[in-house]
Amino acid sequence: MLLGPPGAGKGTLAKQLSKGYNIPSVSSGDLFRNEAASGSELGLRLKRIMEKGELVPDDITVQIVKNRLEAKDAQAGFLLDGFPRTKEQAETLAKFVTLDKVFNLVVSDQEVIRRLSGRRLCPVCGAIYHVEFMPPKTKEECDQGHGALITRDDDKIDAIKKRLTVYKKQTEPLIRYYSEKGLLYDIDASLPPEDVVRQARNVLAS
Ligand code: AP5
């Protein structure tokens with residue numbers, strides 16, 4: 001499971017590990033954005049919550065992630081990106097999943113703001129870019145030929161600050177929670193992406 005503030009690089013690392021270990025990466029944020037894109041009543045509610053940088057209620061979150069984990073491709077293992085994010089979610093998860101390892105991505109607030117302000121996404125394949133740190137080959141276009149990149153609605157400065165505050169209050173306590181269970185491994189997420197992946201691979205190989 002990948003734990004860390006918004007913009008720490010959880011999605012970027014999850015994509016690399018998922019490819020390397022051939023297991024799906026399950027991102028609660030992606031599941032919510034997919035539901036929001038469907039235009040359903042629930043999706044519109046999720047969109048409003050995410051734009052404000054607040055957390056989706058625990059019961060909705062757990063149900064959506066649990067449904068995803070029941071899919072066939074997740075039966076041999078999976079990587080959780082951004083879930084659980086509250087102690088309640090962690091305790092509910094423990095009733096149906098045994099986690100092997102939790103990676104705590106450590107990065108400063110200043111770096112979070114730099115990363116999120118420059119993030120770009122491909123709306124078709126989900127590839128993650130950064131205008132400065134991981135730029136696409138052609139400006140503002142996906143390297144896979146999917147056309148124009150987009151900016152996430154919650155990557156505006158006010159929402160970023162709110163997400164950081166929410167993280168510190170509601171999610172950071174999970175560092176201690178998982179540390180006391182002997183599952184936590186700190187990852188220096190301020191390093192370049194390839195060094196972040198290397199640290200995670202070393203822990204998984206040990
Ligand atoms: P979610 O989608 O999970 O967002 P988040 O946790 O805020 O994290 P991000 O996706 O913004 O960042 P990331 O750590 O994945 O970084 P990334 O790899 O993209 O959640 C969105 C919302 O959904 C929440 O606010 C909440 O409303 C709701 N939600 C989700 N889960 C929930 C839950 N469990 N309970 C309740 N509500 C929930 O990288 C960021 C940028 O940095 C990119 O541009 C990337 O190219 C660049 N970058 C990455 N790594 C590096 C590096 N090593 N060096 C330089 N640049 C890098």
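**Side chains that meet**

Author: Arg198 is partly exposed, with a relative accessible area of 47%, where partly exposed means a value between buried, under 20%, and exposed, over 50%, found with a 1.4 Å probe and protein chains only. The model is a predicted one, in which local features need pLDDT of at least 70 and side-chain atom pairs count only at pLDDT 80 or more, while totals for chains, interfaces and linings use all residues. Residues are numbered from 1 along each chain as its sequence is written, and side-chain values use heavy atoms, leaving out hydrogens and water.

Arg198 and Asp195 form a salt bridge, with their closest N and O atoms 2.7 Å apart; the term stands for a side-chain nitrogen of Lys or Arg within 4 Å of a carboxyl oxygen of Asp or Glu. The two residues are three places apart in helix H9 (residues 193-205), and about one helical turn therefore separates them. Helices (H or I, at least four residues) and strands (E, at least two) are DSSP runs, numbered from the N terminus.

The structure holds 17 salt bridges, and Lys47, which is partly exposed at 31%, takes part in a bridge with Glu51, where the closest N and O atoms are 2.8 Å apart. Both of these residues lie in helix H3 (residues 41-52), four residues apart, or about one turn of the helix. Lys47 also forms a salt bridge with Asp153, at 3.3 Å between the closest N and O atoms. Because Asp153 lies in the loop between strand E6 (128-130) and helix H7 (157-171), whereas Lys47 is in helix H3, this pair ties together parts that are 106 residues apart in sequence.

Turning to the nonpolar side chains, the largest nonpolar core has 26 residues, and Leu80, Leu99 and Tyr178 touch the most other members. Such a core is a set of buried Ala, Val, Leu, Ile, Met, Phe, Trp, Tyr and Cys residues joined through side-chain atoms within 4.5 Å. Helix H2 (28-38), H3, helix H4 (58-69), helix H5 (87-93) and helix H8 (173-180) each supply at least two residues of this core, and the largest share, five residues, comes from H4. Neighbours within four places in sequence aside, Leu80 is in contact (heavy atoms within 4.5 Å) with residues that include Met1, Val26, Val65 and Leu99.

There are two aromatic pairs in the structure, the term meaning rings of Phe, Tyr and Trp (its six-membered ring) with centres within 6.5 Å, called stacked if the planes are under 30 degrees apart, edge-to-face if over 60 and tilted otherwise. Phe103 and Tyr185 have ring centres 6.4 Å apart and planes at 75 degrees, so this pair is edge-to-face. Since Phe103 lies in strand E4 (residues 102-106) and Tyr185 in strand E7 (residues 184-188), parts that are 82 residues apart in sequence are tied together. Phe103 is buried, at 4%, whereas Tyr185 is partly exposed, at 30%. Tyr177 and Tyr178 also form an edge-to-face pair, with 4.9 Å from centre to centre and 85 degrees between the planes. Tyr178, which counts as buried at 3%, was named above among the residues of the largest core that touch the most other members.
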